[in-house]
Amino acid sequence: MAYIGDYEIVIGLEVHAELLTESKLFCGCSTEFGAEPNTHVCPVCLGLPGVLPVLNEKAVRYAVKAGLALNCQIADFSKFDRKNYFYPDLPKAYQISQYDLPLCRKGKMRVMVNGEVKEIGITRVHLEEEAGKSVHSAETILGSDYSKEDYNRTGIPLIEIVSEPDMRSPEEAKAYLERLKTILQYTGVSDVKMEEGSLRCDANISLRPKEATKFGTRTELKNMNSFRAVQKALEYEAGRQEEVLRQGGVIVQETRTWDESRGVTISMRGKEEANDYRYFPEPDLVPVVVERSLVEELRAELPELPNSRMERYMREFGLPEFDADLIASSKPLADFFEEAAKQCRDPKAVANWVMGDFTRLLKAEEIEADRSKLRPRHLVEMLALIDKGTISGKIAKTVFEEMFATGKDAAIVVKEKGLVQISDEGEVTRIIDRILAENPQSVTDFKAGKEKAITFLVGQVMRASKGKANPALVNEILRKKLAGL
Amino acid sequence: MMIKREDVEHVAMLARLELSEADTEKFTRQLNDILQAVDKLKKLDTANVEPTAHAAPMKNVFRPDKARLSWPQEAVLANAPDPVDGFFRVPKIMEG
């Protein structure tokens with residue numbers, strides 16, 4: 001949906017990602033998540049009089065790396081500025097950010113949307129400090145009588161990644177976010193956990209008449225806690241704006257908050273004046289000059305990125321584009337796949353297990369592939385057992401789930417659970433004889449030319465053997481028997 | 001550029017400052033004096049001068065990424081007017 005009614009949708013995103021440093025951006029307080037409130041706080045975080053911030057070198061390196069991964073130009077001269085506003089999660093009453101000289105600008109990113117490649121421009125990537133965390137007394141900020149502030153998060157390094165208004169549908173916005181998350185994950189600069197708030201997204205959306213070249217008035221959406229929520233909020237807001245315009249109204253430039261439970265965006269009144277941030281150069285910090293040699297050093301440190309991995313999986317392992325893209329979209333999953341695929345003669349089989357049962361089990365456990373007890377060697381071993389005919393593909397599903405749950409080797413699971421495939425002709429024949437005796441009608445149907453009857457009989461035999469009978473052997477013997485009857 | 005009363009009132013509002021009539025008058029005058037001084041500087045030819053980002057001739061002052069002990073929670077909250085459960089409690093943030 002690039003269009004809604006008579007209008008084209010225009011979307012730009014601002015993504016904040018916490019950087020994976022050990023200490024904060026301007027002081028030595030720990031960035032650890034989940035500590036007791038206000039225990040990772042010092043006079044610098046609190047902005048007490050007389051303190052001086054000192055820049056964390058690793059945060060600068062990470063921000064530049066993220067910029068390089070997003071094909072940005074790295075500024076050789078950069079500085080910090082104060083963004084002034086009053087909000088209780090900001091103890092200094094200003095946020096140290098970057099205004100006119102960000103570390104990185106003019107990047108681009110390629111995303112796949114509905115099988116088509118789309119290029120989305122990155123306006124800038126800059127470094128800034130995180131704000132604290134507010135716990136409101138009621139469900140929503142508007143309904144709260146008071147709030148409680150925890151400044152542990154205050155001062156954690158963030159990068160803000162601002163896109164060009166290049167997206168034309170909520171689906172494109174979601175695809176962009178997913179790919180951006182993957183790139184940051186590959187680059188290793190952020191752990192990109194939306195549920196822990198280390199990745200957050202605000203969205204700007206406007207509508208314009210089809211064929212128009214000028215952008216319409218935009219609204220800014222906040223408070224979306226998942227990629228899905230971003231997409232839903234944008235869909236709702238596109239619909240809302242279309243209705244306003246269709247009825248001859250005008251869009252008010254404003255910030256709107258997403259109400260997940262009601263599925264609507266709500267105007268945040270009273271913020272109109274707040275957008276006058278009066279940026280000025282931060283006098284407590286000196287400029288940053290990124291030498292070309294450092295840029296090249298960091299560029300060399302970049303890992304292979306998702307798009308290049310995808311292409312390589314198609315080339316090296318002969319995977320279809322869909323499979324390659326899906327696997328490459330998570331670094332832990334891609335690492336897992338690669339390690340297993342290298343040891344198997346059938347990489348496509350590896351891909352099927354990775355995209356199918358493995359992904360399903362990971363989702364159910366809410367973990368990433370690198371934290372699974374089931375390691376690539378487990379899958380490799382299991383595929384070998386299928387190849388040798390020790391277990392059937394159907395039984396393999398049971399083995400896989402057991403290995404996932406316990407981390408035991410495939411051979412051990414097969415032995416412990418008695419899952420060895422029955423390939424003994426005598427034993428299979430005995431089961432078949434019983435099934436044929438119990439189902440005379442199906443036998444008659446088959447003889448009358450109903451090919452489907454054999455599918456039923458095979459199913460009965462597999463059931464009687466608890467799925468362990470060798471399906472090829474069952475088919476073969478069954479057909480022979482039926483022909484002889 | 002001339003600073004008007006309304007500019008002073010606007011900036012005061014942004015800074016959450018309540019100014020008396022007399023203060024507003026005085027600051028309007030003073031701010032205009034400052035801008036006049038800047039206007040004088042503007043007459044200098046700076047075509048060949050790099051813009052100054054910082055008064056100190058320094059760059060790239062970094063600290064290594066090493067965590068150190070923070071302050072104890074009691075010390076952090078010592079100046080909090082209304083602490084509760086280890087948090088800074090603050091009044092209603094947004095009017096509904």
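**Close-up views of a predicted two-chain model**

**Figure 1. A:T429 and its contacts.** Setting aside neighbours within four places in sequence, A:T429 is in contact with A:I477 and A:K481 (contact means heavy atoms within 4.5 Å). A:T429 itself sits in helix α13 of chain A; helices (H or I, at least four residues) and strands (E, at least two) are DSSP runs, numbered from the N terminus. A:V461 is 32 residues from A:T429 in sequence, and their C-alpha atoms are 9.8 Å apart in space. A word on the model: it is predicted, so local features need pLDDT of at least 70 and side-chain atom pairs count only at pLDDT 80 or more, while totals for chains, interfaces and linings use all residues. Residues are numbered from 1 along each chain as its sequence is written, chains are lettered from A and ligands numbered from 1 in the order in which they are written, and side-chain values use heavy atoms, with hydrogens and water left out.

**Figure 2. Helix α13 against helix α16 in chain A.** Here α13(A) (residues 425–438) packs on α16(A) (residues 471–484) at an angle of about 55°, with the axes 10 Å apart. Axes are lines fitted to C-alpha atoms, for helices over the stretch in contact, and angles run from 0 to 180 degrees between N-to-C directions. The two helices are therefore oblique to each other: angles under 35 degrees count as roughly parallel, over 145 as roughly antiparallel, 65 to 115 as roughly perpendicular and the rest as oblique. From α13(A), the contact draws on A:E425, A:V428, A:T429, A:I432, A:D433 and A:L436, and from α16(A) on A:L473, A:V474, A:I477, A:L478, A:K481 and A:L482. Sorted by class, that gives eight nonpolar, one polar and three charged residues. For the classes, Ala, Val, Leu, Ile, Met, Phe, Trp, Tyr, Cys and Pro count as nonpolar, Asp, Glu, Lys and Arg as charged, and the others, Gly among them, as polar.

**Figure 3. Helix α15 meets helix α16 in chain A.** The axes of α15(A) (residues 452–464) and α16(A) come within 10 Å and cross at roughly 125°. That makes α15(A) oblique to α16(A). On the α15(A) side we have A:I454, A:L457, A:V458, A:V461 and A:M462, and they meet A:P471, A:V474, A:N475, A:L478, A:R479 and A:L482 in α16(A). The tally for this contact is nine nonpolar, one polar and one charged.

**Figure 4. Helices α6 and α7 of chain A.** With axes coming within 8 Å, α6(A) (residues 306–317) and α7(A) (residues 321–328) cross at roughly 140°. So α6(A) is oblique to α7(A). A:P306, A:R309, A:M310, A:Y313 and A:M314 of α6(A) face up to A:E321, A:A324, A:D325, A:I327 and A:A328 of α7(A). Seven residues of this contact are nonpolar, none polar and three charged.

**Figure 5. A salt bridge between chains A and B.** B:K66 pairs with A:E22 in a salt bridge, their closest N and O atoms 3.9 Å apart (a side-chain nitrogen of Lys or Arg within 4 Å of a carboxyl oxygen of Asp or Glu). Three salt bridges link chain A and chain B, and the count over all chains comes to 52. The pair runs from B:K66, in the loop between β1 (62–63) and α3 (73–76) of chain B, to A:E22, in the loop between β2 (7–18) and α1 (43–46) of chain A.
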